[in-house]
Each structure stands twice: as structure tokens, then as C-alpha cells.
Amino acid sequence: MAEKKTMMQEFTKGFLKENPVLRLVLGTCPTLAISTSVIGAIGMGISATAVLIGSNVVISALRKVIPAKVRIPAYIIVIAAFVTIVQMLVKAFAPAVDEMLGIYLPLIVVNCIILGRAEAFAGKNPVLASTVDGIGMGIGFTAAIVLMSIIREFFGAGSLAGIAIFPASIPPVAILILPPGGFFVYGLMMAFANKLAEKKGLKKATLEGCDACPMAQACALRGEDKAESEVTA
Amino acid sequence: MAKAFMIILFTGILTENFVLRQFLGICPFLGVSKKRNTAMGMSAAVIFVMVLATAVTFPINKYLLEKNGLEYLQTIVFILVIAALVQLVEIVLKKYVKPLYNALGIYLPLITTNCAVLGVVFLNLEKLAGGDPNFLAYPFSGSLVNSLGAGLGFMLAMFLFAGVRERMENCEVPKFLQGLPITLIAASLTSVSFFGFDGLVEGLFK
């Protein structure tokens with residue numbers, strides 16, 4: 001980090017300015033898959049946040065011990081350990097949520113928000129800042145996925161958190177809780193987030209460059225893309 | 001036997017398409033689908049690693065973890081095995097199969113943390129646990145075929161979507177949808193088209 005940020009800025013940046021889902025375009029798979037019901041989305045948000053905070057703390061505490069060359073495998077082990085803990089807790093205390101999340105619960109391991117934060121922040125910053133960063137990013141992720149699930153469940157199933165809102169005589173727009181609806185609602189939310197960002201003078205969210213991807217450093221595609229864009233430019 | 005495999009394969013490619021129906025591997029789907037060549041190379045590497053990962057993790061799970069009651073270690077063991085496997089494949093290809101390395105090598109590191117590969121491993125276990133009759137009859141080979149189908153489905157989605165995006169380059173898009181939003185909406189429409197395959201596999205093979 002070139003400029004010094006206050007703790008408060010580290011905390012709030014995940015809400016909108018660097019919202020992992022809407023601005024950095026990370027963690028798209030669980031966002032699209034789990035946002036069909038509000039309860040599932042809350043469960044996913046809390047689980048991922050718990051893993052994110054835990055892995056951020058441990059990784060930033062170990063940042064001077066982990067050799068740079070093997071940092072990615074080391075990060076993955078730390079993250080996988082926390083995911084296993086969360087998996088056991090969810091299975092024990094919220095079996096209904098466990099059923100809703102299905103394979104997406106163990107797949108938090110490969111959620112790029114968590115590896116992305118480890119690589120971009122926790123591996124370079126002190127423990128306290130990393131904890132705050134983890135909490136802020138976790139809240140940003142949870143807010144985005146819950147907001148999306150509210151839209152999809154309200155219009156797609158006519159209910160909120162499993163409680164029916166519309167009477168059965170009004171048929172819901174079922175396609176919104178089906179896979180195409182996920183892409184569609186995500187696209188519209190992205191458009192609104194872009195609009196808000198534009199008002200604040202920030203750039204639009206893109207996936208064109210590989211900057212957001214945590215594997216960018218290890219990946220040769222990045223170089224290829226750059227070379228190609230230089231040729232075309 | 002052939003029938004069971006065909007059902008598993010085509011269910012994986014069409015009705016349970018990995019990207020458009022199950023939301024796995026969305027990052028490469030949105031990020032790498034801009035050029036058809038890159039999309040194809042990436043997909044070929046994904047198919048390769050998916051089948052290999054299934055072949056390696058299945059016996060580990062059955063004879064090591066389940067036998068000793070260590071199922072709770074699945075997540076850690078699988079991700080480590082896949083990461084190590086991808087590294088190993090990269091080294092072996094680089095040394096002995098140069099043409100294949102040149103074609104797939106650059107995509108391999110990306111794939112380690114791709115949720116599609118870990119996803120297919122868990123999906124196979126879930127199908128087995130769920131008592132899918134085709135899987136119960138052929139646990140190991142069925143899982144391999146499912147991984148192949150999932151990989152081919154990934155490739156199909158990438159190929160179709162790369163085509164859609166190439167056409168979109170020259171279109172006039174409303175300003176507030178430019179960039180990623182219109183890409184997502186295009187993905188939504190591509191996903192709708194896959195509803196057309198519903199019931200196809202049952203109709204063909206039953």
C-alpha cells in the first residue's frame with residue numbers, strides 16, 4: 001500500500017468502493033448459485049466471512065515466515081483448514097443451511113475473494129489491518145449476495161426467507177430463481193454499481209485485465225493478453 | 001453399460017451444464033471467453049485436469065479417507081492433491097510432451113484454484129451418495145465419464161459464449177449496460193437456451 005489508510009477506510013472500502021462481488025468481480029460462482037434464497041445467502045455470507053477473517057489473521061501473522069515462492073500453496077492450506085472447521089460447525093449447528101449450500105460450502109476453499117485478499121492484502125499487511133480488511137470485505141460480500149437473493153426470492157418465488165409474501169393467486173416470475181435469472185440480476189446489479197461508482201469518479205468494474213484474479217502472478221495468460229493488446233493498440 | 005455412460009455423459013454436457021446450470025467455473029467463463037482460441041485452450045486444459053483429478057481423488061477418498069473415517073478431511077486433501085497434481089502434470093508435460101505443454105501449459109496454474117475442478121470432484125461424491133443408479137452401477141468409471149461430460153459441457157459453453165461475445169463486439173449497447181453487465185445478460189440468455197435440452201437425455205436413452 002503506497003498511501004497510508006486509516007483503519008476506518010480499510011473497514012468501509014469493502015462495502016462499495018472495493019465491493020468484492022460488484023466491483024472486483026470475485027466470488028461470482030457462489031454469488032450466482034446460492035442467491036436463490038435469502039436464508040442460503042445469509043448462511044453463505046457468514047460462512048465465507050468467517051473463513052475470510054480466520055485466514056486473513058493467520059496469513060498476515062505468518063507473512064514473514066512463508067517463503068514467497070510457495071506462498072500460494074501455503075495460503076490454500078490455511079484457507080482449507082478454516083473451511084473444514086466452518087463445514088463442521090455448519091453441519092453440527094445448522095444442518096438445513098448445510099443442505100442448502102451443498103457442494104458450495106466446501107467450495108469456499110476456491111472462492112477467489114479469500115485467496116484474493118490473502119494475496120493482495122493479508123500477505124503484506126499487519127494482523128490488525130488484515131482482520132479489519134477481512135471483516136469489511138466479508139460484510140461487503142454478504143451484503144451483495146443477500147441483496148441479490150432478496151431480489152431473486154421476492155420476485156422469483158414470491159417469498160422472503162421462506163415466508164410467503166404474495167398470495168398464491170399471483171404467479172411469481174419463476175425464471176429469476178432459475179440459473180438464467182442469476183446472470184440477469186447480477187448483470188443489472190453490476191450496471192447500478194457501475195453507475196454509483198461513476199458518480200464517485202471511480203472506474204467501471206471489468207474482467208478484461210487479470211488484475212483482480214489472485215492467480216495473475218502465476219499465470220502466463222496475463223503476459224499473453226498484454227502482448228496482444230499492445231499489438232492491437 | 002454403454003447406456004449408463006451415455007446418460008451420464010450427456011446429462012453432464014447438456015442438462016446439467018457446469019457453467020450455465022451449476023455456476024461452476026464462472027471466472028474463466030467471463031474472463032477468458034473473449035477470444036475463441038484462448039477459450040478452447042483453457043477448456044481443453046480443464047477437461048484434462050478434471051478427468052485426471054477424478055481418477056486420483058476417487059481411490060484416495062475410497063481407500064484412504066472412507067476406510068479410516070476421515071471424510072472430514074476431504075476438502076483439505078482434495079485441494080492439496082489437485083494442486084500437487086497440476087504442478088506435476090505441468091513438469092511432466094514440459095519435459096516429455098512439449099507440443100501439449102505449449103498448447104495447455106499456460107492455463108494449468110490458473111486451473112488449480114478453479115472451482116470447476118474441485119467442484120466436479122465433490123459433485124461425483126454427491127451423486128454417489130445421492131444414490132444415482134447410473135453412478136451406483138459404475139462408481140469409478142461413471143465418475144470419470146461424468147468428469148469428462150462436465151469438462152465437455154464447460155468447453156461447449158465457452159465456445160458458444162465466445163461466439164456470442166465476438167458478435168457483440170460490433171453491437172450498439174445502451175451506455176449503462178456496456179462492459180460486464182451486458183456480458184452477464186448475454187450469459188443469461190445463453191443459459192435460457194440450455195433449457196431447451198431439458199428431458200432430452202431421458203427421451204433419448206430411456
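## A tour of chains A and B

Start at Phe23(B), which is buried, with 24 other C-beta atoms within 10 Å. Keep in mind that this model is predicted. Phe23(B) sits in the loop that links α1 (2-15) and α2 of chain B. Check its backbone: phi is near 55°, a positive value in a residue other than glycine. Most residues other than glycine have a negative phi.

**Stop 1: chain A as a whole**

Color chain A by secondary structure. You will find 9 helices and 2 strands. Trace the chain along its sequence, and the order reads α-α-α-α-α-α-α-β-β-α-α. Chain A has 233 residues, and 47% of them count as buried. Now turn to its contacts. Among those between residues at least 6 apart in sequence, 74% join residues at least 24 apart.

**Stop 2: Ser55(A)**

Select Ser55(A) in helix α3 (residues 38-61) of chain A. Is Ser55(A) buried or exposed? Ser55(A) is buried, because 26 other C-beta atoms lie within 10 Å and the cut-off is 20 or more. Next, show its partners. Leaving out residues up to four places away in sequence, Ser55(A) touches Val78(A), Ile79(A), Phe82(A), Ile114(A) and Ala118(A). Pick Ile114(A) from that set. Ser55(A) and Ile114(A) are 59 residues apart along the chain, yet their C-alpha atoms are separated by 7.7 Å.

**Stop 3: helix α6 of chain A**

Ile114(A) leads you to α6(A). Select residues 112-122 of chain A; this helix is mostly covered, with 9 of its 11 residues buried. The buried residues are Cys112(A), Ile113(A), Ile114(A), Leu115(A), Gly116(A), Arg117(A), Ala118(A), Glu119(A) and Ala122(A). What covers the buried residues of α6(A)? The cover includes α3, α4 (71-93) and α7 (127-157) of chain A, together with α2 of chain B.

**Stop 4: the contact between the chains**

Show both chains and select the residues where they meet. Chain A puts in 45 residues and chain B puts in 37. On the chain B side, at least two residues each come from α2 (26-31), α4 (74-96), α6 (108-112), α7 (115-129) and α10. Which helix gives the most to this side of chain B? It is α10(B), with 8 residues. Color the chain B side by class: 27 residues are nonpolar, 8 are polar and 2 are charged.

**Stop 5: the largest nonpolar core**

Now select the largest nonpolar core, which has 114 residues. Ile79(A) and Leu118(B) have the most contacts inside it. Helix α9 (residues 139-168) of chain B gives this core its largest share, 11 residues. In soluble globular proteins, nonpolar side chains tend to be buried together.

Center on Leu118(B). Set aside its neighbours within four places in sequence. In chain A, Leu118(B) is in contact with Leu107(A), Val109(A) and Val110(A). In chain B, its contacts are Phe78(B), Ile79(B) and Ile82(B).

**Stop 6**

Phe140(B) counts as partly exposed, because it has 15 C-beta neighbours inside 10 Å.

The crossing is right-handed. From α7(B), the contact uses Ala116(B), Val120(B), Asn124(B), Lys127(B) and Leu128(B). From α9(B), the contact uses Pro139(B), Ser143(B), Asn146(B), Ser147(B), Ala150(B) and Phe154(B). By class, these residues are 6 nonpolar, 4 polar and 1 charged.

Finish with helix α10 (residues 180-193) of chain B. It packs with α9(B) at about 135°, with the axes 11 Å apart. That angle makes α9(B) oblique to α10(B). This crossing is right-handed. On the α9(B) side, select Leu160(B), Phe161(B), Val164(B), Arg165(B) and Met168(B). They meet Ile182(B), Thr183(B), Ala186(B), Ala187(B) and Thr190(B) of α10(B). The contact holds 7 nonpolar, 2 polar and 1 charged residues.

Notes: Residues numbered from 1 in each chain as written. Chains lettered and ligands numbered in written order. Predicted model: local features only at pLDDT ≥ 70, side-chain atom pairs only at ≥ 80, totals over all residues. Core = buried A, V, L, I, M, F, W, Y, C linked by C-beta atoms within 7 Å. Buried ≥ 20, exposed ≤ 12 C-beta atoms within 10 Å, placed from the backbone. Helix = DSSP H or I, 4+ residues; strand = E, 2+ residues; numbered from the N terminus. Contact = placed C-beta atoms within 7 Å. Axes fitted to C-alpha atoms, helices over the stretch in contact; angles between N-to-C directions. Parallel < 35°, antiparallel > 145°, perpendicular 65-115°, else oblique. Left-handed = near helix turned anticlockwise from the far one by under 90°. Nonpolar A, V, L, I, M, F, W, Y, C, P; charged D, E, K, R; others polar.
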